[in-house]
Amino acid sequence: MQQPGKLDAKIPGGPLKDKWTKHKASLRLVSPANKKKLDIIVVGAGAAGGSAAASLAELGYNVKVFVFQDSPRRAHSIASQGGINASKNYKNDSDSDYRLFHDMLKGGDFRAREANVYRAAEISNNIIDQYVASGVPFARDYSGYLDNRSFGGVQVSRTFYAQGQTGQQCTLAAYQALSRQIKAGKVTMFSRRDVLELVLIDGKARGVIARNLLTGEIERHSAHAVVFATGGFGTVYYLSTLAINSNGSAALAAYKKGAFMANPSMAQIHPTCLPVLNDYQSKLTLMSESLRNDGRIWVSSKKGDKRNPLDIPENERDYYLERRYPAFGNLVPRDVASRAAKERCDAGYGAGETGLSVYLDFKDAIKDQGEEVIGNKYGTLFDLYRKITGINPYKEPMKIYPASHYTMGGLWVDYNLMTTIPGLYALGEANFSDHGANRLGASSLMQCSGDGYFILPVTIGDYLADEIKTPQIPTDGPEFEEAEKAVEGKLSKLMSVNGSQTVSSFHKKLGQILWTHSGMKRNEKGLKQALQEVAELQEEFWKDVKVPGKLEHLNHELEKAARVADFFDLAKLIITDALDRNESCGAHFREEYQTEDGEAQRDDDRYAYVSAWEFTDENKGPMLHKEKLVFETVTPTKRSYK
Amino acid sequence: MKITLKIWRQESAQDKGGFVTYKMDDVSTEMTFPEMLDSLNEDLIKRNEVPFAFDSDCREGICGMCGLYINGRPNGPQEGVTTCQLNMSMFKDGDTITIEPWRAKAFPVIKDLVVDRTALDKLIQAGGFISAKTGAAPEANAIPVSKEESDIAFDAGVCIGCGTCVASCKNASAMLFISAKVSQFAVLPQGRVEAKERVQTMVAQMDALGFGNCTNTGACEAECPKEIKLSNIARMNREFYKAKIS
Ligand SMILES: Cc1cc2nc3c(=O)[nH]c(=O)nc-3n(C[C@H](O)[C@H](O)[C@H](O)COP(=O)(O)OP(=O)(O)OC[C@H]3O[C@@H](n4cnc5c(N)ncnc54)[C@H](O)[C@@H]3O)c2cc1C
Ligand code: FES
């Protein structure tokens, strides 16, 4: 179903570089005395939620933070490795806000909003300042000044990093700022809570229903505004680089309450991850993209070559990225690198026993720069690889393969980061805003932190300015009652099926369907088949899933079951969106739409829009709204890295 | 390979708890430790038994959510890894593996292998931060930091808050944990301003939360999956005395 319906992205007028400044000046303010009377719920405490919650509390709002882990420090932002971008131009290599903006817009294959992306670039430097002041030990050179490195998809060095643990250091800085506000009494922390439902009163977001994961108790929490910073749902593919409990349930709850879901099919499959080794695997650990700065990617030029990589002579190695993309070589963007790896493996040139991996080799870098320099840059990553595989990357090439990693798609938000539900905001990976059809490396931490530290704290005031007379929202009204009942109903239903198959077995099957038909390459026939298969699996799930244990107790299986139940709906949305988009752009590669040399063929005349899906009802499919992308400053060009 | 597992099961904090023995016939050396536990739990579910509870999230040694006492050692026999990174290749056919939750007064058991580590959050809340309010930061390169000091800060800053140090210490002390944070900020110019107050409030909080004292056994350093050094404790002690006399 399709409807031309209008979405107002609230993009300010005027020249690109003045939009944010002008917009900020036009937003209404809430006085310090009134902020004290306003409550805000923030779900999630990663780079986005943690920074937002701390900053909102510093401003004087009363903040309630929810996470499903035992501590806010454990949000999956903690795992991000390679770095965070900013346009400081410390390297004097011609970087600027404009260049960062242009790289991101182009990297995203012109499927993001100019104004949002420019703003992300514009505030990037403040983020580095903020993190350094908070004690983040970013890498420095011997002069004592901050160091930078380059990352995929760009030709300047603008990435700030802390070895392979940049995300950990940034997340902890946000966590520590949050901790300071908890101590100050401005933040109330609710750990080990699954937020399962959003509560609307008179159409406005006014609270959430959460399950206390320790006691099983269903709780009601109210606020004047609600912020979802719940991260990505790449776990829908089962195996991914995400934490095993990462999920899309909060986003899906919002969607079912009327928030539009944007570009759900834009899912990033990251090129440098550990390959699938066996059936038990629960996780595909990422090997940071920064490794591609010095590592060279290759496969044998002979089909089915099972030799030890050290025995394959130089003239029998195919450095296929350098061959196909001489300008960018191993630093092509992720989508391009992933597809190229798949192409080689599908053609029979893949490495290792399974033939589903490629080599990432540091031999030449070590020869040129020495082991110590390479160790300084990638030591933690090399150790990580060695711990998992037993192979020493200083001596032997790594084996890698693409894996599900990041969701560019997410809740639709306007320029203020508000969803289509008044008073509900979405930040970080949970929204769709800045990365279009493909995210460039080191730009997510940047976007998450920007959203949390510098955008939301400003824009939310404009909404709350109308709420200063609204007293605390009571939780005993019919809306809370109904939302709570819905959650209880769903959980009891899951418990009562008492079938014969485990939750994980369903999740695995679902992941396999999506990976096969809606992964790095897609086509109409496969997508239609996948839609059918997901629907059947979903039906089977509700008839035959087995959830042991009790409702009123710590029950990991029940938590998983609720998440997987939502993954079915998300998967259907992903596939529906992929089917709608009869073009190839970024990570969305439809086999029917490719150039003769196998590159993505975009169709700007028909598809230069954000697809925003509206929930109708459980039986009818979602309704499509198109937000046309207007390019005032940049003319979309064919994305070439050759 | 065949493995026998003795797993600590405890319904709740009030329950006494005890070991239950499970036999597994088909453990692959390619599994990680939690993947092995997953597979046992899958079997238990299929046999209509209630699976046991254990925490994990990132499964790549960075979130600090996992952490089990395995054969009398935190995170088992492999050096420098978290429980989720422990490989089953460290065990051999016929082994019996005993699995317990962290044991520390400050970490009460919640259920089976899951413990409450919120005390670690409370330590950070006591002063483990630099009070840099959003928006107030100066230009990042305005504060040069020598590479050497920055590297010390990084090495201390990689703590994942898993609680291994506490679990490995016979006094259940959190000295390594707080000293890592104190050190990270003590060597950075940005952190100096609050250094005195930070060390005092964090140490006081550690005592208040029921963690034990440090008697320099060094078990924490030996077991820390992130190889955080005892030298952080020495630095913190210096900071502590400096704060006292100044
Ligand atoms: C392995 C890896 C490496 C990466 N490396 C980089 C990098 O080098 N540079 C870069 O820029 N980006 C990187 N990324 C991407 C980046 O880390 C993420 O996109 C980003 O951290 C997401 O942050 P977030 O705050 O949006 O969400 P998260 O950090 O995922 O946080 C989500 C939060 O929401 C909470 N939550 C979720 N659902 C619920 C619910 N229903 N109820 C209660 N709480 C809930 C969780 O508890 C958590 O606190 C990497 C990602 C991965 C997986
Ligand atoms: S699960 Fe994250 S450290 Fe082990």
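**Figure 1. Left-handed crossing of helices H5(B) and H9(B) in the predicted model.** H5(B) and H9(B) cross in a left-handed sense. Helix H5 of chain B spans residues 175-186, and helix H9 of chain B spans residues 231-245. Their axes lie 8 Å apart and the helices pack at an angle of about 70 degrees. Because angles of 65 to 115 degrees count as roughly perpendicular, H5(B) and H9(B) are therefore described as roughly perpendicular to each other.

**Figure 2. Residues in contact between H5(B) and H9(B).** From H5(B), the contact involves B:Met175, B:Leu176, B:Ile178, B:Ser179, B:Ala180, B:Val182, B:Ser183 and B:Ala186. These residues meet B:Asn232, B:Ile233, B:Arg235, B:Met236, B:Asn237 and B:Glu239 of H9(B). Sorted by class, the contact of H5(B) with H9(B) comprises 8 nonpolar, 4 polar and 2 charged residues.

**Figure 3. Secondary structure and dimensions of chain A.** Chain A contains 18 helices and 21 strands. Its radius of gyration is 24 Å, close to the 26 Å given by the globule rule for 642 residues, so chain A is as compact as a globular protein of that length. Along the principal axes, the C-alpha atoms of chain A fill a box of roughly 75 × 60 × 50 Å.

**Figure 4. Burial and contacts within chain A.** Of the 642 residues in chain A, 69% count as buried. Among contacts in chain A with a separation of 6 or more, 74% are between residues 24 or more positions apart.

Note on methods: Residues numbered from 1 in each chain as written. Chains lettered and ligands numbered in written order. Predicted model: local features only at pLDDT ≥ 70, side-chain atom pairs only at ≥ 80, totals over all residues. Heavy atoms only, no water. Axes fitted to C-alpha atoms, helices over the stretch in contact; angles between N-to-C directions. Helix = DSSP H or I, 4+ residues; strand = E, 2+ residues; numbered from the N terminus. Parallel < 35°, antiparallel > 145°, perpendicular 65-115°, else oblique. Left-handed = near helix turned anticlockwise from the far one by under 90°. Contact = heavy atoms within 4.5 Å. Nonpolar A, V, L, I, M, F, W, Y, C, P; charged D, E, K, R; others polar. Rg over C-alpha atoms; globule rule 2.2 N^0.38 Å. Buried < 20%, exposed > 50% of the residue type's maximum accessible area, 1.4 Å probe, protein only.
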